[in-house]
Amino acid sequence: MSDSVALAALRPVHEVPKNLAFADPGAAMAQLSRYAADSQRLYREREAALRQTEQAQVNSLTLLSRAAEYRDDETGAHMDRVGALSALLAKLTGHSAEEVRMIRLAAPMHDIGKIATPDSVLKKPGGYTIAERRIMNNHTRFGAEILGQSDIPLLRMAAAVALTHHECWDGSGYPRQLRGDEIPWCGRIVTMIDFFDALTMDRVYRPAVSDEMTRQMLQKERARKFDPEMLDVFVNQIDRFIQLRDDINAGVRDHAALLHPQAQRLAVEMGL
Ligand SMILES: [Fe+2]
Ligand SMILES: [Fe+2]
């Protein structure tokens with residue numbers, strides 16, 4: 001490197017070369033602040049456009065999830081509860097406000113793939129044959145396929161949840177037998193919340209299980225089905241989850257409204 005090139009590289013960045021200096025520094029400053037204002041406006045417009053695209057896609061996929069869910073649960077309340085309770089668990093396990101917002105919207109879509117499951121399997125009381133079990137288990141892959149078409153981070157999370165919400169901490173789940181941290185955190189959260197919520201609902205093949213029995217069943221699956229640290233947080237604060245679930249069921253809290261992507265302020269007010 002020649003001496004003049006080396007010296008130029010050492011020159012402080014604020015030192016403007018003489019041949020580039022503006023004749024009128026006031027005009028130069030005004031020009032610079034116009035550039036800054038323009039780029040801030042463009043950034044805000046781009047963010048608003050992205051949010052609108054996110055909202056439109058989330059709305060339509062949430063509706064599709066409801067169509068799948070209504071076949072199994074006539075109230076569709078399971079979806080709302082899974083969103084709200086997953087958000088609470090994400091918050092209690094130290095996730096950021098943005099991650100809490102995302103999982104609140106992504107978790108309700110976990111069973112969207114059941115749209116492709118025939119009624120003869122979905123509504124069958126009693127056990128499945130091997131072939132029926134395979135059809136049933138495929139709702140995870142279908143869901144990931146439907147949701148994975150988008151590049152929007154929230155829908156990428158929803159696709160990960162759909163694919164992994166039946167994986168188990170010990171590797172005994174499906175569809176890919178992932179284990180431990182191989183399962184994304186959002187999938188581990190929804191696995192536990194889905195299990196908790198499904199047990200406390202009346203199903204065609206069994207009545208609802210009591211909260212105390214559910215707690216014992218959850219604990220039995222520590223480090224088997226569930227992430228042990230996550231389970232400890234959940235069980236230690238299970239009363240908060242039961243309260244939130246009961247509030248949703250009683251209609252005290254309009255959690256369906258929380259599924260609107262712009263409901264962040266409402267969510268904060270509700271402590272989610
Ligand atoms: Fe599922
Ligand atoms: Fe579910």
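Guide: Two residues count as in contact if their C-beta atoms, placed from the backbone, lie within 7 Å. The model discussed here is predicted. In it, the buried residues of α11 pack against α3 (77-92), α9, α10 and α12 (238-249).

Visitor: Which residues of α11 are buried?

Guide: They are Met230, Leu231 and Phe234. The word requires 20 or more other C-beta atoms within 10 Å of a residue's own.

Visitor: How do you know that the buried residues of α11 line one face of the helix?

Guide: Looking down the axis of α11, the buried residues fall within an arc of 100°, so they share one face of the helix. An α-helix has 3.6 residues a turn, so residues three or four places apart point the same way.

Visitor: What does the face of α11 turned away from its buried side carry?

Guide: That face has the exposed residues Pro228, Glu229 and Asn236.

Visitor: How many helices and strands does the chain have?

Guide: The chain has 13 helices and zero strands. Of its 272 residues, 31% are buried. Among contacts with a separation of 6 or more, 66% are between residues 24 or more positions apart.

Visitor: What makes Asp194 a buried residue?

Guide: Asp194, in helix α9, has 21 C-beta neighbours inside 10 Å. The cut-off is 20 or more, so Asp194 counts as buried.

Visitor: With which residues is Asp194 in contact, leaving aside its neighbours within four places in sequence?

Guide: The partners of Asp194 are Val82, His110 and His165. Val82 is 112 residues from Asp194 in sequence, yet the two C-alpha atoms are 6.3 Å apart.

Visitor: Why is α7 called roughly antiparallel to α8?

Guide: Two packed helices are described by the angle between their axes and the distance between the axes. The axes of α7 (residues 139-147) and α8 (residues 153-164) cross at roughly 170° and come within 7 Å. Angles over 145 degrees count as roughly antiparallel, so α7 is roughly antiparallel to α8. On the α7 side the contact is made by Thr140, Arg141, Gly143, Ala144 and Leu147, and on the α8 side by Leu155, Ala158, Ala159, Ala162 and Leu163. By class, these are seven nonpolar, two polar and one charged residues.

Visitor: What makes α3 and α4 roughly antiparallel?

Guide: The axes of α3 and α4 (residues 97-106) cross at roughly 155° and come within 7 Å. Again the angle must be over 145 degrees, so α3 is roughly antiparallel to α4. The crossing is right-handed. Gly83, Ala84, Ser86, Ala87, Ala90 and Lys91 of α3 meet Glu99, Val100, Ile103, Arg104 and Leu105 of α4. Six of the residues in this contact are nonpolar, two polar and three charged.

Visitor: Where does Gln177 lie, and how do you know whether it is buried or exposed?

Guide: Gln177 is in the loop between α8 and α9. It has 12 other C-beta atoms within 10 Å. Exposed means 12 or fewer, so Gln177 is exposed. Its phi is positive, about 50°, although Gln177 is not a glycine. Pro175 lies in the loop between α8 and α9 as well, and a cis peptide bond with omega of about 10° joins Tyr174 and Pro175.

Visitor: Why is Ala223 called partly exposed?

Guide: Ala223 has 13 C-beta neighbours inside 10 Å. Ala223 is in the loop between α10 (211-220) and α11 (228-236). Ala223 has a positive phi of about 65° although it is not a glycine.

Definitions and conventions: Residues are numbered from 1 along each chain as its sequence is written. Chains are lettered from A and ligands numbered from 1 in the order in which they are written. This is a predicted model: local features need pLDDT of at least 70, side-chain atom pairs count only at pLDDT 80 or more; totals for chains, interfaces and linings use all residues. Axes are lines fitted to C-alpha atoms, for helices over the stretch in contact, and angles run from 0 to 180 degrees between N-to-C directions. Helices (H or I, at least four residues) and strands (E, at least two) are DSSP runs, numbered from the N terminus. Angles under 35 degrees count as roughly parallel, over 145 as roughly antiparallel, 65 to 115 as roughly perpendicular and the rest as oblique. Ala, Val, Leu, Ile, Met, Phe, Trp, Tyr, Cys and Pro count as nonpolar, Asp, Glu, Lys and Arg as charged, and the others, Gly among them, as polar. The arc is that of the directions from the helix axis to the C-beta atoms. A crossing is left-handed if the near helix is turned anticlockwise from the far one by less than a right angle, and right-handed if clockwise.
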